[in-house]
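Please examine the protein shown below before reading the report. The text is meant to be read with the structure in view.

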Amino acid sequence: MTAHTTHSARVSRALTSLRGLAVGDALGSQFFVPAHYSALQSGELPPGTWQWTDDTEMACSVLAVLVRHGRIDQDALALSFAEHHDFDRGYGPAVNRMLRLIRQEGADWRELAAGLFNGQGSWGNGAAMRVAPLGAWYAGDPVQASHQAEISAYTTHQHREAVAGAMAVAAAAALAADPAGPQDPPGLLGAVLDLVPRSAVQAGIRRARDMLDYADVATVAAVLGCGRRTSAHDTVPFALWSAARHLGNYEQAFWTTAKVGGDVDTTCAIVGGIVAARPGGEPPAAWTERTEALPDWAVMS
């Protein structure tokens, strides 16, 4: 086993990605506060300590399960989601109910996840928002990253689009975390496309690749979506567009992503997790210091 693939190296990479995800999530969530709208447009940091949301809380469970099992164990992941579920972190109502039933009544996550939205499963962006650290864990192996992301998605999101969204984000993070991976934005998105099944998410990423030379971010967001509908296909293509264009520059990636609005905490969590997975892509130290600390149970797993 090389140093690149040792357990400690995997943990270190995934934790760096998780911290990038948490900063994007926590800082992005500040801009749902009306008093901070002007700060967003001027690129100023809001005051105080920034608290993260369900995006980070669920990503912590993904990392904790990887550390403990070396892969995604669905039962362990669903249980961790339920045990650490904090209602006040901004979960959607369907997931809130599901995790409460698992925790309080020992309900089966398979039945609950499959039964959401009249048996179609959720196509929300929740499986994608939490998965970048998994991609960093599998740096250089985007095939395995996308496979494990697929497994992780099914614990809560069983619609094809949600699963494809999680696979795309994990693949992007695995490619970004690999020093030998694609060095240019078209190469990165092209490699991701090869690993994503036919879906609206895939079609959106193809459009994102075609728009990499667009400088008008508002136009790109209008075409690709920026999470206003909180679906995977309305969220992931734009997030990957922004991450691909700004690998190596976390600060620029964040502001580009946040200023178009939409589901800002989630788009910035995805972008932050991917960009931070790349060596040298970590958020500014001052931003990390102002972000709520990660929970001990995730960091010490």
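## Overall form

The structure is a predicted model, not an experimental one. The protein contains 18 helices and zero strands. Its radius of gyration is 17 Å, close to the 19 Å that the globule rule gives for 301 residues, so the protein is as compact as a globular protein of that length.

The C-alpha trace spans about 50 × 50 × 35 Å along the principal axes of the protein. Of the 301 residues, 59% are buried. A residue is called buried when its relative accessible area is under 20%, and exposed when that area is over 50%; partly exposed residues lie in between.

## Salt bridges

How many salt bridges does the structure hold? The model holds six of them. Side chains of opposite charge can pair when their charged atoms come close.

Asp86 is partly exposed because its relative accessibility is 27%, whereas Arg89, at 13%, is buried. Both residues also belong to a network of salt bridges that links Glu57, Asp86, Arg89 and Glu292.

## Two further pairs

Arg110 and Asp108 form another salt bridge, in which the distance from N to O is 3.7 Å. Arg110 has a relative accessible area of 38% and is therefore partly exposed. Asp108 is also partly exposed, as its relative accessible area is 31%.

In a further pair, Asp234 forms a salt bridge with Arg229, and the closest N and O atoms are 3.6 Å apart. Is Asp234 buried or exposed? Asp234 has a relative accessibility of 5%, so it counts as buried. Arg229, in contrast, counts as exposed because its relative accessibility is 60%.

Which residues form the positive surface patch? The patch is made of Arg160, Arg198, Arg206 and Arg209. Patch residues must have over 30% relative accessible area and no salt bridge.

Helix H6 covers residues 109-119 and includes Phe117. The phi angle of Phe117 is near 55°, a positive value in a residue other than glycine.

Asn118 lies in helix H6 as well. Its phi angle is near 60°, which is again a positive value in a residue other than glycine. Asn118 counts as exposed because its relative accessibility is 81%.

## Sequence separation and distance in space

What is the distance between the C-alpha atoms of Ala222 and Val260? These two residues are 38 residues apart along the chain, and their C-alpha atoms are separated by 9.0 Å. Ala222 lies in helix H13, which covers residues 217-224. At 65% relative accessibility, Ala222 is above the 50% limit and so counts as exposed.

Thr6 and Gly43 are 37 residues apart in sequence, and the distance between them is 39 Å, C-alpha to C-alpha. Thr6 is found in the segment before helix H1, whose residues are 7-29. With a relative accessible area of 23%, Thr6 is partly exposed. Val299 lies in helix H18, which covers residues 296-299. Its relative accessibility is 31%, so Val299 counts as partly exposed.

Notes:
Residues numbered from 1 in each chain as written. Predicted model: local features only at pLDDT ≥ 70, side-chain atom pairs only at ≥ 80, totals over all residues. Heavy atoms only, no water. Patch = residues over 30% accessible without salt bridge, like charges linked within 9 Å, V, L, I, M, F, W, Y side chains within 5 Å. Areas by Shrake-Rupley, 256 points an atom, 1.4 Å probe, with all protein chains shown as cover. Salt bridge = Lys/Arg side-chain N within 4 Å of Asp/Glu carboxyl O. Lys, Arg positive; Asp, Glu negative; His and termini not counted. Charge placed at Lys NZ, Arg CZ, Asp CG, Glu CD. Helix = DSSP H or I, 4+ residues; strand = E, 2+ residues; numbered from the N terminus. Rg over C-alpha atoms; globule rule 2.2 N^0.38 Å. Buried < 20%, exposed > 50% of the residue type's maximum accessible area, 1.4 Å probe, protein only.
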